[in-house]
Amino acid sequence: MEYNYTHGGDVYRNPIEYDFSINVNPLGMPLASIQAAHEGVVLTGRYPDYKAEQLCHAIAKAKQIPADRIIPGNGAAELLYVLGQTIPEKALTIAPTFTGYAEAVAAGGGELTYASDEQELLAKMDDSIRLVFLCNPNNPTGTLFTREQILRVLAKAEAMQAYVCVDECFLPFLEEEDSYSMLPYLAEHPRLLVLRAFTKIYCMAGLRLGYLACGDTELQSRIRAKLQPWNTSIPAQLAGIAALSDTEYLAKTRENLQAERAYLVPRLRELMAEVYDGYGNFLLFRDEPDLKERMLEVGVLIRACGDFEGLDDTYFRIGIRSHSENQEFIRRLARVKNVVKKLRFI
């Protein structure tokens, strides 16, 4: 049976010029990480460190958490799937959200159920729920949860011996990262899990690198037992270590995102019926159901969001790219919608 791939980034079967279906950093991988990965390729005649100790210590130093709480992974996706196998029971999240949670839970033989907001989520948290996912900021809506909201969910989860996994893969794109991250709460909340990835913020989608921060040593052991040995390559480990020291790269990333969001949103609102406010390096909007196919005709791939729980085939998401790419996107979108007069806003 053929795998039903619904995520963005399938440029291999879609001959396009511009990929707006993914939400990785448009600045590309940091130069220091590229150089480190090249050096890592030279070393690939030997096995990688199965503990990835140097990488874990670099993450620990950068994020001010103990190294022994960090589980590296082949991207965040691997860690989600292993988590779904380790806690193969009923899970809960707020819809719409990242489809990978449902896929990971289903792969482990469990079931993911949905709530529409925090209030309903809390109401649905009963003894059957073993795991709660919160994506912050949420993909694809861009909704941002406060620490107070997450702590309310965590308090109820702890009372019923469940876990809360906070997906912070997009949080480093925000200037306010430190005010929203749950990493400082790991020590006092062993039922808290924090998922992070180098994939998005450091543009390592093809290299694959992420980590799960977990304070529960028993759960850590169960997760590690399900991971294959050497799950992170030498090039990935070295590239990650190099990326963590590049603070200038993060500053440029955030500056670009702020400027390009300000450029794209008003222009999209001239062309679309509805564009959603939010955070993160992506935008959600609505249009006619065939927009993805029409954009492919002009060489642009976008993410159709009809597979997200709570959304239908009129919803689409684009990543926020560089200024020249965003300009070209608006030009081609205006052409597809036959509103050339809107080009004056480019």
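**Helices, sheet and cores**

Analyst: Helix H6 (residues 147–159) lies across strand E5 (129–135), strand E6 (163–167) and strand E7 (192–197), at about 155° to E6. This is a predicted model, where local features need pLDDT of at least 70, side-chain atom pairs count only at pLDDT 80 or more, and totals for chains, interfaces and linings use all residues. Residues are numbered from 1 along each chain as its sequence is written, and side-chain values use heavy atoms, with hydrogens and water left out.

User: What makes E2 and E8 a pair?
Analyst: Two strands pair if DSSP finds at least two bridges between them. E2 and strand E8 (residues 210–214) have 4 bridges, so they pair, in the antiparallel sense. Glycine 73 stands opposite glycine 210 in E8.

User: Why is strand E4 called an edge strand?
Analyst: The open, mixed sheet has 7 strands in the order E2-E8-E7-E6-E5-E3-E4. Strand E4 (111–115) pairs on one side only, as does strand E2 (70–73).

User: What makes a set of residues a nonpolar core?
Analyst: The members are buried Ala, Val, Leu, Ile, Met, Phe, Trp, Tyr and Cys residues joined through side-chain atoms within 4.5 Å; buried means under 20% relative accessible area, with a 1.4 Å probe and protein chains only. The largest such core here has 74 residues, and Phe198, Leu268 and Phe329 touch the most other members. Helix H11 (residues 247–271) gives the most to this core, with 8 residues.

User: Which residues does phenylalanine 198 contact, leaving aside neighbours within four places in sequence?
Analyst: Contact means heavy atoms within 4.5 Å. Among the partners of phenylalanine 198 are Leu55, Ile59, Met204 and Leu244.

Technical notes: Buried means under 20% relative accessible area, exposed over 50%, partly exposed in between (1.4 Å probe, protein chains only). Helices (H or I, at least four residues) and strands (E, at least two) are DSSP runs, numbered from the N terminus. Axes are lines fitted to C-alpha atoms, for helices over the stretch in contact, and angles run from 0 to 180 degrees between N-to-C directions.
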